[in-house]
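Visitor: I would like to learn how to read a protein model. Please take the features in turn.

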Amino acid sequence: MSQSTSIPKKQLRIRDHGFDNYMEIHKKIIKTLKFQELILSQPNQTLCVARLDSLARRLGLKQYEAGSFILKFPHVFEIYEHPVQRILWCRLTRRALLQIETEHRALFSQLPDAITRLRKLLMLSNTGRLRLDHIRIARKDFGLPDDFEFSIVLAQPNYFRLFDTDPADPGSKYVEIVERDPSLTICSIERLREQEYRERGADAENIRFSFIINFPPGFKIGKYYKIAVWKWQRLPYWSPYEDVSGYDLRSLEAKKRMEKRAVATIHELLSLTVEKKITLERIAHFRLSMDLPKKLKEFLLQHQGIFYISTRGNHGKLHTIFLREAYRKGELLEPNELYLARRKLAELLLMSPRKVNMDRELVHFQRRDDGDNDAPERIRKDFIEKSCGDFMDSDGLGSDGGDDSNSDLDMGLEVLKETDCE
């Protein structure tokens with residue numbers, strides 16, 4: 001009996017614990033960002049702990065979950081007692097505020113790159129236009145500021161055009177590319193192939209239409225599956241930036257090329273994101289405009305060596321798509337400033353709560369010693385004198401009524417007092 005040499009349509013999802021552990025941390029980050037927005041929206045950027053539970057329910061959190069959550073991360077949230085009202089209040093720590101400021105600076109420093117990413121995103125569409133609401137939902141993934149409608153779209157009329165199809169419908173606004181730039185039609189996978197061509201020369205002819213494939217641990221690869229992947233890698237396809245409206249797409253060969261073109265489109269879409277990941281639900285918003293398949297999850301499971309689908313987050317209701325080749329051991333191979341700034345928040349969440357008291361003591365020590373250059377040396381001497389004095393008083397040593405048998409010990413203490421305690 002002959003075996004089929006085509007990639008199976010339905011496959012089981014093989015877990016990759018490296019990406020799943022990454023999403024476990026990301027779940028905490030999402031909740032932390034909600035609390036940060038809630039606290040920063042208050043007039044004095046402080047929030048009464050008594051009101052925290054009632055306000056947190058608006059964010060979709062369970063009852064009594066807000067108070068226990070902020071207590072787990074004292075490096076991000078600080079609870080203090082009001083000096084007059086004698087009630088507990090919550091605010092962000094200085095480290096958390098510094099992380100937010102660093103992320104804002106990184107966001108606006110890479111604004112030219114964000115403009116390029118938005119131009120390439122619009123060029124991936126068949127009509128060169130996308131709904132403004134769909135872009136707004138995924139603005140964090142593509143590194144766009146919250147006011148990108150004004151700071152990018154309306155501020156760059158030579159690149160973008162904003163128009164409204166139905167003035168009565170507030171969700172009918174579209175963003176359109178003014179002119180397609182041929183220099184931006186090069187995909188990220190094509191750059192990798194060009195690099196391989198330069199390194200290997202004529203030996204790289206087999207990778208002309210291939211993708212980088214790294215199967216997850218435990219993925220079973222049979223003989224016929226290897227043949228199917230080998231044939232699929234050599235299959236030509238049209239570029240995601242190419243207009244295919246003039247081709248006849250009814251033949252079987254054309255359908256296979258369009259399927260591989262859909263893989264290249266999702267690959268390029270993930271390459272345009274800041275963290276090389278995006279949820280499946282946000283990709284579905286661009287499905288019609290980019291000619292993507294209807295059953296996206298089953299389609300992506302056919303190519304688990306290129307993409308990874310993680311169900312961690314929002315109780316398994318969301319599916320996060322990772323670009324496997326962009327990660328190694330849970331970190332991006334080519335990190336950017338915005339990614340590094342966001343990563344600092346994860347470092348604050350993973351920091352041990354035991355270090356909080358030490359940090360507060362250091363802050364108190366610094367405030368007490370401002371303006372005194374000799375303060376560290378003076379405090380060290382005071383500490384030694386206090387320690388020596390407590391030690392001598394507690395044991396009864398060094399007094400006038402001491403025992404003669406302890407004369408050597410008394411002499412040693414006098415030497416220690418003269419050298420270290422002066």
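This is a predicted model: local features need pLDDT of at least 70, side-chain atom pairs count only at pLDDT 80 or more; totals for chains, interfaces and linings use all residues.

Visitor: How many helices and strands does the protein have?

Guide: Helices (H or I, at least four residues) and strands (E, at least two) are DSSP runs, numbered from the N terminus. The protein has 16 helices and 11 strands.

Visitor: What share of the residues is buried?

Guide: Buried means under 20% relative accessible area, exposed over 50%, and partly exposed in between, with a 1.4 Å probe and protein chains only. Of the 422 residues in the protein, 41% are buried.

Visitor: How is a pair of aromatic rings described?

Guide: The distance of the centres and the angle of the planes describe such a pair. Rings of Phe, Tyr and Trp (its six-membered ring) pair if their centres lie within 6.5 Å; planes under 30 degrees apart are stacked, over 60 edge-to-face, and the rest tilted. The structure holds 19 aromatic pairs. In one of them, Y22 and F322, the ring centres are 5.7 Å apart and the planes at 85°, so this pair is edge-to-face. Y22 belongs to helix 1 (residues 17-40) and F322 to strand 9 (residues 320-323), so the pair ties together parts 300 residues apart in sequence. Y22 and F322 are both buried. Ring pairs also link F19, Y22, Y308, F322 and Y327 into a cluster.

Visitor: Which residue lies over the face of Y80?

Guide: A charge sits over a ring if NZ of Lys or CZ of Arg is within 6 Å of the ring centre and within 35 degrees of the ring normal. R91 lies over the face of Y80, at 4.0 Å from the ring centre. R119 lies over the face of Y159, at 4.0 Å from that ring centre.

Visitor: How many cavities of 30 Å³ or more does the structure hold?

Guide: On a 1 Å grid over the protein atoms alone, a cavity is a set of points where a 1.4 Å probe fits but cannot get out; lining residues have an atom within 4 Å of a point. Grid points are joined across faces, edges and corners, and a volume is the space filled by probe spheres set on the points. The structure holds 1 cavity of 30 Å³ or more. The largest cavity has a volume of about 60 Å³, and its lining includes I7, F215, W232 and H303.

Notes
Residues are numbered from 1 along each chain as its sequence is written. Side-chain values use heavy atoms; hydrogens and water are left out. On a 1 Å grid over the protein atoms alone, a cavity is a set of points where a 1.4 Å probe fits but cannot get out, and a pocket is an open set with protein on both sides within 12 Å along at least five of seven lines; lining residues have an atom within 4 Å of a point.
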